Amino acid sequence: MNKFFVASIAAILIAPAYSAHDISGKIVDQSGNPIANVKIEFHGSNLTIYSDKQGQFSVSESIDHVDEIHISARGYNHLSFKLEDQTDKTLSSIFLDQTIVLTPAIIEHIDVYATPLHGSTLESATPITVLSDSDLKNKHSATLGETLKAEVGVHSTYYGPVSSSPIIRGLDGPRVMISQNGLDVGDASRVGPDHVVSTETSTVKQIEILRGPATLFYGSGAIGGVINIVDNRIPTEAEDSLNFQTSVNSASNETEFAFDANTTYEQFAFHLDAFWRDSDDLKVPANPTVEDEHDEHDEDDHDDHDEEDHDEHDDFDGTLENSASESSGYTFGTSYLLDNGFVGVSYGELTKTYGIPGHAEHSEEESEEEHDEHEAGVVGDMEQKRFQMISELSFGNQLISAINTKFALTNYQHAEIEDGQVGTTFNSDTTQLKSDFLLAEIAGWHGAISLEYKQNDFEAIGDEAFTPPSTTQSIGLGMLAEKHFDNILVQLGARIESTTLTVDELTEIEHDEEEDEHDHEAHGHEALDLSMTPVSLSAGIVWDFAKGYNLGLSYSRSERAPSAGELVAFGPHIGTKTFEIGALYDIEQEGDEYHVELLNHGDIQSDDVKLETANNLELSLRKFSGDFGFVFNAFYNQIDNYYYQQNQNWEYEFEHSHGEEEVDEDDHEEHEGSGLPVYLYSPEDVKFMGIEGQFTWRLNPDFKLTTQFDSIIGELSNGDALPRIPPSRVGFRLNYELDATSIEMSYMETMKQSEVTDSETPTDGYSMLDFVVSHHVSFNQLDLTAFVKGNNLLNSEARVHTSFLKNETLLPSRGFTVGVRGQF
């Protein structure tokens, strides 16, 4: 950052508090070596500068409204200087000796973009995980879920190598907000776990996993947490760079290429990124051992569907059929750089075509021609178009110090193709506008107010449309505030939201197993309008009780408006092999006959909808300096009216035919028992509790050993287990750094999950051993990194307990990835 830019910032400020001159300084480590790219933030003025390669920086003394200075660098402990009285404490007094020494941090401080207030991973009352730089590159996978699945407290739904969504502490779907640069990605991944998340990790800067007060800014859909994808699609500063990566993977014959480029012209900054990825069917361990799933459960505890669907594992010949994929995308963005911020826009398109394993079924008597027709199975074809605008402007006044505005239009389409025909199409259009007003310091408090508008129009068209067309509209008002009291940081948050759900038409059905299992009668009902007002509050403290230690304690009470699918779903969901019924329906049984009716005979009012309410208490203990550090978390989450799918122990005989085939009397016996099990969304009181930990030892300057573990219990208030709760895990990672070569070995032991419901079976544990070797070379201005990754070196047979298709899919067999990364 040069003096001209700093002077330009100073020129727009209203009332200079100091005489105008420049102050220079230098930032070094404990050995006196300069530290480059150190971030220096002047809170109150919204000014940020960076040190150069010699660790030098300069700043104008004339800047006004500075109440705190924050100095941060990767791998070092942060420094903060508070200017409580600017008449006595000036910038000169802070930089008097002109040399600032930073001490190394064993646990990384990483700045977080997802919250409007300044924050880092170690300055939050609740745990924040950030994946960036080499960690992100080493863990990058084709899906967001697989990229993040090894992070503490994070698992994945796993529908094969392309469709996999994150699970945070046992919560997923509509409870986990997935955002891109702070705005909803606007896809259907939270409607069904077989839908791919419409993001790409090969061209991003970092991925943030948030819990606690900051999630209030994302609305009731973030009750379980936020995963924020940070990229540079809208440039925020002048930069000239080119980054690229290409790789091949043996486990699926995957080929990938990605690049991003940034340049400037006068006050305009430009960004372009693109990627392409193609893979064949995934290689998996051949003929895995079939576990005896009745060892711990009496056969009487399982209904017919459980015995049929869960007791039979697919035989694998070393290939996971119907798991090939092809993906591509690009984004172009530009910004106009101002002295007090920037205004920018971007446009991007993303397409993914991928197989959904587990649906290419055929009988032994099937002819070769018929087999070839069915072998294609179910294919997902996703396309997303996204326009986004972001502006960040700072002001030198006594009330509002900055206004950050974000706007996005997202058009999403997902088609499910079976045997070459489009069976069901999902369309989603999302409009979102969000403005964060950063407030000037008031009595030592830093604060921000957020205003947000979001509308989502969703429809599913086809024989397998399990949710009716709906529109969800919300208006939210949120506030965050924090203040330092000596060595204690207090963080407060609140949000109120008005949510309206409009459904075009509901459906009612009667099912008679005794007379004709395939006969049903549907009744249409007028549009449904529901209004809900979720209110959420949070409070937390961060106590720096000793040098290099802090303690975080937080409590939050968060309310969530249930999604349209949870309330009004009614139809077959082939991706999960279930027939879903929403919570606004009631099922009554009379002998062998089942009646499904709307509540109150269709006269449904807003009072009939229960808000999901989570009361979460969290403790986080951290040590982040010296050669040994750790982060230990413990949490207890009591959730009232938790919407989850309960097995109703009867099957709906669904004609899986696109309206072209019917089951006649001669074929009835052959198709008997081939229906879909009925699952009803029911609001129940549940609790989640768990512990997480990560311990890091720096054995010497070249060696670092990290140990991690996480364990969670999820159960109903009566003590019964909840379905698909992630198993406990423990892992180790060893990093060895040479002059130009880095080596990482990691081992993760996933335990057996035996705490299961009556409608599921235990899942065996497994071991994963991986490695990454990277070698760095430079040619003039080109920095190259050649890398080799090995995954599942033990060739373990691994099933993911949290997946609906755990018996139809396996994690990849032993595989290797070879690639090159470059940077100009």
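**Entry 1: a hairpin and its other neighbour**

I began with strand β15 (residues 241-249) and strand β16 (residues 254-265), which pair in the antiparallel sense over 9 bridges. This is a predicted model, so I kept an eye on confidence as I went. I picked N243 to follow across the pair, and its bridge partner in β16 is D260. The hairpin of β15 and β16 has 4 residues between the strands, and N253 takes a positive phi near 55 degrees there.

What else does β15 pair with? I found strand β45 (residues 815-823), which pairs with β15 in the antiparallel sense over 7 bridges. Here I followed S247, whose bridge partner in β45 is G819. That puts β15 in pairing with β16 and also with β45.

**Entry 2: β21, β22 and β23**

Next I looked up strand β21 (residues 341-356) and strand β22 (residues 378-394). They pair in the antiparallel sense over 16 bridges. I then turned to strand β23 (residues 400-418), which is joined to β22 by 17 bridges, again antiparallel.

Which residue can I use to walk across these strands? I settled on R386 of β22, the bridge partner of G348. On the β23 side, R386 has T410 as its bridge partner.

**Entry 3: positive phi values**

Most residues other than glycine have a negative phi, so I noted the exceptions I came across. D133 has a phi near 50 degrees, a positive value in a residue other than glycine. I located D133 in helix α3 (residues 133-139). Its relative accessible area is 39%, so I put D133 down as partly exposed.

Y158 also has a positive phi, of about 50 degrees, although it is not a glycine. Where does Y158 lie? I found Y158 in the loop between β9 (154-156) and β10 (166-168). Is Y158 buried or exposed? Y158 is buried, because its relative accessible area is 1%, and the cut-off for buried is under 20%.

**Entry 4: T467 and S470**

I moved on to T467, which is in the loop between β25 (445-462) and β26 (470-485). T467 has a relative accessible area of 5%, so it counts as buried. What does T467 touch, leaving aside its neighbours within four places in sequence? I listed F458, A460, G565 and A569 as its contacts.

S470 is in strand β26. With 6% relative accessibility, S470 is buried as well. Not counting residues up to four places away in sequence, S470 touches N456, D457, F458, L501, T502, V503 and A564. I noticed that F458 is among the contacts of T467 and also among those of S470.

**Entry 5: a nonpolar surface patch**

Which residues make the nonpolar surface patch of about 680 Å²? I wrote down I541, W543, F545, L553, Y555, L617, L619 and Y636. I checked which strands they come from: β31 (535-546), β32 (549-560) and β37 (612-623) each supply at least two residues of the patch. β31 gives the most, with 3 residues.

W543 has a relative accessible area of 36%, so I have it as partly exposed.

**Entry 6: the protein as a whole**

I stepped back for the overall figures. The secondary structure comes to 8 helices and 45 strands. Of the 824 residues in the protein, 56% are buried. I also looked at how far apart in sequence the contacting residues are. Among contacts with a separation of 6 or more, 68% are between residues 24 or more positions apart. The accessible surface comes to about 34200 Å², and carbon and sulfur atoms account for 50% of that.

**Entry 7: confidence**

I finished with the confidence values. The mean pLDDT of the protein is 82, and 82% of the residues reach 70 or more. Where does pLDDT stay under 50? I noted residues 1-21, for which the model has 45 contacts beyond four places in sequence. Residues 657-673 are another such stretch, with 18 contacts beyond four places in sequence.

Terms used: Residues numbered from 1 in each chain as written. Predicted model: local features only at pLDDT ≥ 70, side-chain atom pairs only at ≥ 80, totals over all residues. Heavy atoms only, no water. Buried < 20%, exposed > 50% of the residue type's maximum accessible area, 1.4 Å probe, protein only. Contact = heavy atoms within 4.5 Å. Areas by Shrake-Rupley, 256 points an atom, 1.4 Å probe, with all protein chains shown as cover. Patch = residues over 30% accessible without salt bridge, like charges linked within 9 Å, V, L, I, M, F, W, Y side chains within 5 Å. Salt bridge = Lys/Arg side-chain N within 4 Å of Asp/Glu carboxyl O. pLDDT = per-residue confidence, 0-100. Pairing = 2+ DSSP bridges.
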